[in-house]
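Biologist: Please show me the model and its sequence, and let us discuss the fold and its packing.

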Amino acid sequence: MEHTTFPSDLMQLQVDWHRTYQALAASGPARTTELRRRLQWLSVRLLWHPYWTGAGRMPAARAELRDQARFLRGQW
C-alpha cells in the first residue's frame, strides 16, 4: 500500500489534535474548557488546510492522515 505524503504543517496539526484529544480524555475538570477550545481550533485548522483544495483529496486521504499521525505518536 502506497502512503500519501502530507505537508509537514498538516501532519503536525493532526499530531497536535491527537495529543490534545488524549489530554482531554485524561484531564480533570480544571482543564476541560481549555482543551476543548484547543481541540476545536485544531479541528478547524485541519478542515480548512489548503492541502484539501487540491485535486484528488478524498475522504480516504483524511483517514490516512489520521492513521499516519497515530503511527508517529506510537499508538500502533
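Modeller: Two conventions come first: residues are numbered from 1 along each chain as its sequence is written, and side-chain values use heavy atoms, without hydrogens and water. As the model is predicted, local features need pLDDT of at least 70 and side-chain atom pairs count only at pLDDT 80 or more, whereas totals for chains, interfaces and linings use all residues.

Biologist: In which helix is confidence lowest?

Modeller: The pLDDT, the predictor's confidence in each residue from 0 to 100, averages 88 over the protein, and 95% of the residues score at least 70. Helix 2 has the highest confidence, at 96, while the lowest, at a mean of 89, is in helix 3.

Biologist: What pattern does the protein follow along the sequence?

Modeller: Helices (H or I, at least four residues) and strands (E, at least two) are DSSP runs, numbered from the N terminus. The protein has 3 helices and 0 strands. Its pattern along the sequence is α-α-α.

Biologist: Is Gln-14 buried or exposed?

Modeller: Gln-14 is found in helix 1. Leaving out residues up to four places away in sequence, Gln-14 touches Leu-46, Leu-65, Arg-66 and Ala-69, where contact means heavy atoms within 4.5 Å. Because its relative accessibility is 5%, Gln-14 counts as buried.

Biologist: Which residues does Asp-16 contact, leaving aside its neighbours within four places in sequence?

Modeller: Asp-16 also lies in helix 1. Its relative accessible area is 16%, so Asp-16 is buried. Beyond those neighbours, Asp-16 is in contact with Arg-38 and Leu-42.

Biologist: Is Val-44 buried or partly exposed?

Modeller: Val-44 is found in helix 2. Together with Leu-47 and Trp-48, Val-44 makes a nonpolar surface patch of about 370 Å². With a relative accessible area of 47%, Val-44 is partly exposed.

Key: Patch = residues over 30% accessible without salt bridge, like charges linked within 9 Å, V, L, I, M, F, W, Y side chains within 5 Å. Areas by Shrake-Rupley, 256 points an atom, 1.4 Å probe, with all protein chains shown as cover. Salt bridge = Lys/Arg side-chain N within 4 Å of Asp/Glu carboxyl O. Buried < 20%, exposed > 50% of the residue type's maximum accessible area, 1.4 Å probe, protein only.
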